[in-house]
Amino acid sequence: MSRNPFECHSWHSEIFQCKSTDVSHFYSLLEQEKVRLGLNTMKLGEAGGYPLWFMQSPEQNAGNHNVLISAGFHGEEAAGPWGLLHLLQQMDACLFEQVNLSLLPLVNPTGFANGHRFNELGENPNRGFYLESGVPKPGEDTSLEGKILLEHTELLLAASCDGILTCHEDVLQTDTYVYTFEPAETPGAFSHTLRDALGEFFPIAKDGSIDDCPVQDGVIFNHFDTSFESFLVQQGARVGCCSETPAQQSLDQRILANASVMNAFLAMTKTPV
């Protein structure tokens, strides 16, 4: 079975009392949390008239680890952005004393608003992050959003040097799994902790193959391609994870699972006291 990039996926959330595609409500609630937490905000560009926001902790402490959480690369993977919003609503600003946190809350707003995997131009925002002789460059399959992110490579590399988590979903699955990157031959505590955070909510995928990638114990390990997270790891991020919640399950359960894996990621990447 393959994904139809223009099939409309829409669910209702009891947590947020709205449809998963309600992009205006999402941005409104995000603005409230930005103000409450004092997040610094920069508009990297626009997609279909929507802003592509980059947010950071109020102050960047030189002694803290720098980590980036991103969501909403694929529009039908709604629980990532809503999970990030749920995380922010539960967050206390004292967290910023232990981590320099950066956020890309919604990378593909036109896809999100339509419930489509691809953006309104028919492009895949999580492909086309190329390196040529170590230099970042776009390719023929780089999306509008991807080009915007590549224009800000230096900023994003600095923000993610100690870790990158990007939150995805799989509309074909009832089980959960993770893509992880560690400087090791086999998955370690980083991979297993994030997998287990999702495993509290859903069955962990059985050994086999997903999207032609080998899965073992719910982990696809050190799989490099032209995705955003792979690009950042190749450019120097110490660890990376692409989490995959199963979109065949309840939206609110997926939202809670995404917030949980983000919390687990932060707990592992915070600067030791």
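**Exercise 1. Work out how helix α1 passes helix α2, and which residues make the contact.**

Start with the handedness: α1 passes α2 in a left-handed crossing (the near helix is turned anticlockwise from the far one by less than a right angle; clockwise would be right-handed). Keep in mind that this is a predicted model, where local features need pLDDT of at least 70, side-chain atom pairs count only at pLDDT 80 or more, and totals for chains, interfaces and linings use all residues. Residues are numbered from 1 along each chain as its sequence is written, and side-chain values use heavy atoms, with hydrogens and water left out.

Next, the geometry. The axes of α1 (residues 23–37) and α2 come within 10 Å and cross at roughly 30° (axes are lines fitted to C-alpha atoms, for helices over the stretch in contact, with angles from 0 to 180 degrees between N-to-C directions). That makes α1 roughly parallel to α2 (under 35 degrees; over 145 is roughly antiparallel, 65 to 115 roughly perpendicular, the rest oblique).

Finally, the contact (heavy atoms within 4.5 Å). From α1 come His25, Phe26, Leu29, Leu30, Glu33, Arg36 and Leu37, and from α2 come Pro81, Trp82, Leu85, Leu88 and Gln89.

**Exercise 2. Decide how enclosed α2 is.**

Helix α2 covers residues 79–90 (helices are DSSP runs of H or I, at least four residues, and strands are E runs of at least two, numbered from the N terminus). Ten of its twelve residues are buried, so α2 is largely enclosed by the rest of the structure (buried is under 20% relative accessible area, exposed over 50%, partly exposed in between, with a 1.4 Å probe and protein chains only). Among the buried ones are Trp82, His86 and Leu87.

**Exercise 3. Do the crossing for α6 and α8.**

The axes of α6 (residues 189–199) and α8 (residues 251–269) come within 8 Å and cross at roughly 155°. The two are therefore roughly antiparallel. As for handedness, α6 passes α8 in a right-handed crossing. The α6 side of the contact includes Phe190 and Leu194, and the α8 side includes Val261 and Phe265.

Technical notes
The expected span of a helix is 1.5 Å times one less than its number of residues.
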